[in-house]
Amino acid sequence: LFVGDGMGLAAYTSTRVWKAGVSGKLAIDSLPYTALCSTYSYDGIVTDSAPSATALLTGVKARNDVVGEGPDAVPGVASDPSSGTEGTPAKSILE
């Protein structure tokens with residue numbers, strides 16, 4: 001399983017053209033299956049890696065800066081980590 005976090009069609013195509021030319025192939029092209037998936041966070045269109053991974057592995061949307069918990073989790077500020085609220089743990093497909 002290869003998860004290209006942040007690797008949309010534009011990034012993939014520009015990399016292929018740069019490394020292998022317009023008609024060229026990359027190593028990723030030899031994989032037997034390919035899928036595209038969009039994962040928007042609970043609180044924004046631009047998603048960071050934490051809620052993206054949570055959505056991919058649990059099917060539950062999370063807020064930006066939160067990993068492995070549902071949208072009821074609210075991240076704290078860096079100067080006061082206790083200012084956040086823990087949320088409901090999201091069960092991973094690995095579990």
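The lining of the largest pocket is made up of 18 nonpolar, nine polar and three charged residues. Here Ala, Val, Leu, Ile, Met, Phe, Trp, Tyr, Cys and Pro count as nonpolar, Asp, Glu, Lys and Arg as charged, and the others, Gly among them, as polar. The model is predicted: local features need pLDDT of at least 70, side-chain atom pairs count only at pLDDT 80 or more, and totals for chains, interfaces and linings use all residues. Residues are numbered from 1 along each chain as its sequence is written, and side-chain values use heavy atoms, with hydrogens and water left out.

A pocket is an open set of points on a 1 Å grid over the protein atoms alone, where a 1.4 Å probe fits, with protein on both sides within 12 Å along at least five of seven lines; lining residues have an atom within 4 Å of a point. Of the 30 lining residues, Gly4, Met7, Ala35, Leu36 and Cys37 lie nearest the centre of the largest pocket. Helices H1 (9-20) and H2 (49-58) each supply at least two lining residues, and H2 gives the most, with five. Helices are DSSP runs (H or I, at least four residues), numbered from the N terminus.

Thr39 sits in the loop between H1 and H2. Thr39 counts as buried because its relative accessibility is 16%; buried means under 20% relative accessible area and exposed over 50% (1.4 Å probe, protein chains only). Beyond its neighbours within four places in sequence, Thr39 is in contact with Thr47, Ser52, Ala55 and Leu56, contact being heavy atoms within 4.5 Å.

Asp65, in the segment after H2, is exposed at 61% relative accessibility.
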